[in-house]
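I am opening a notebook on this structure, and I want to write down what I looked up in the order in which I looked it up.

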Amino acid sequence: MKKMIAFLSAAAIVSAVSVTAFATDANEQSTNSRKSNVTISTSVAPAYMVSIPANTTVAFNQTRTAFGTVMLESARIAPNKAVKVTITSDGELNNSADRTTVIPYSLTAVKGNTAEEVRDGYFTTLKDIGEKIELTINISQRAWDSAAAGDYSDTVTFNIAYVEAG
């Protein structure tokens, strides 16, 4: 029995001997070294918010009435993209009792220092936050003078699209 205990003790001592580890200096190139490249990526979706004018009432005999502002309120757009604003109107306020009785009007758009008449299908592009178009409703005094009594209205359509710039 003593021999068996002595043998087990010797085996335990031998198994407890530490193993020596080998390392290489970080500055030394090892034939086992490998280089790996990894890619970090993300995708940011385009987003934008454009404000358009609210419903507007034109006072009788007013030849110029501020219609409101179209403005790029916020935007996250790609460098080669823009927000296109198209304004469509037939330029006639229609009498609610007789659709053939109209008051002709025009819209003027001012962007920066440039003013231009808004014709059917007018469009412009916006790229920078805060960029805007000021709109004015124009009705000639002659149109007011010849207008029949009644309530008049028209619909102006604003189409907003994300497009290629240029």
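The entries below start from a single lysine, move to its strand, and then turn to a sheet and to the salt bridges.

**Entry 1: the model.** I note at the outset that this is a predicted model, and I keep that in mind for each entry that follows.

Entry 2: I looked up Lys81 and found its place in strand E3, which covers residues 81-88. Leaving aside residues up to four places away in sequence, I listed what Lys81 touches, and the list reads Lys127, Tyr162, Val163, Glu164 and Ala165. I also checked Gly166, which is 85 residues from Lys81 in sequence, while the two C-alpha atoms are 8.2 Å apart in space.

**Entry 3: the strand E3.** Next I asked how many residues of E3 are buried. The count is 6 of its 8 residues, so I describe the strand as mostly covered. On pairing, I found that E3 and strand E11 (residues 157-164) run in the antiparallel sense over 8 bridges, and that Ile87 has Phe158 in E11 as its bridge partner. E3 also pairs with strand E8 (residues 122-126), again in the antiparallel sense, over 5 bridges, and here the bridge partner of Lys84 is Thr125. As a reminder to myself, strands of a sheet pair through backbone hydrogen bonds, either parallel or antiparallel.

**Entry 4: an open sheet.** I then turned to an open sheet of 5 strands, whose order is E1-E2-E9-E6-E7 and whose pairing is antiparallel. Which strands stand at the edges? They are E1 (47-51) and E7 (114-118), and each has a single partner strand, so one side of each is left without a neighbour in the sheet. With direction ignored, neighbouring strands of this sheet are turned by 20 degrees against each other on average. For the pair at one end I looked up E1 and strand E2 (residues 64-76), which run antiparallel and are joined by 5 bridges, with Ser51 standing opposite Met71 in E2.

**Entry 5: the salt bridges.** How many salt bridges does a search of the whole structure find? It finds 4, and I wrote down some of them. In one, the side chains of Lys81 and Glu164 meet at 2.8 Å, N to O. Lys81 lies in strand E3 and Glu164 in strand E11, so this pair ties together parts that are 83 residues apart in sequence. The side chains of Lys81 and Glu164 are also listed as joined by a polar contact of 2.8 Å.

Another salt bridge is formed by Glu131 with Lys111, where the closest N and O atoms are 3.5 Å apart. This pair links distant parts of the chain, since Glu131 sits in the loop between E8 and strand E9 (132-138) and Lys111 in strand E6 (residues 106-111), 20 residues apart. Glu131 is partly exposed at a relative accessible area of 22%, and Lys111 is partly exposed at 24%.

I also noted Lys132 and Glu134, whose side chains meet in a salt bridge of 3.6 Å, N to O. Lys132 is partly exposed with a relative accessible area of 40%, and Glu134 counts as partly exposed at 31%.

Note on methods:
Residues are numbered from 1 along each chain as its sequence is written. This is a predicted model: local features need pLDDT of at least 70, side-chain atom pairs count only at pLDDT 80 or more; totals for chains, interfaces and linings use all residues. Side-chain values use heavy atoms; hydrogens and water are left out. Helices (H or I, at least four residues) and strands (E, at least two) are DSSP runs, numbered from the N terminus. Contact means heavy atoms within 4.5 Å. A polar contact is a pair of N or O atoms within 3.5 Å; within protein, one must be able to donate a hydrogen and the other to accept it, and residues adjacent in sequence count only if both atoms are side-chain atoms. Buried means under 20% relative accessible area, exposed over 50%, partly exposed in between (1.4 Å probe, protein chains only). Two strands pair if DSSP finds at least two bridges between them. Axes are lines fitted to C-alpha atoms, for helices over the stretch in contact, and angles run from 0 to 180 degrees between N-to-C directions.
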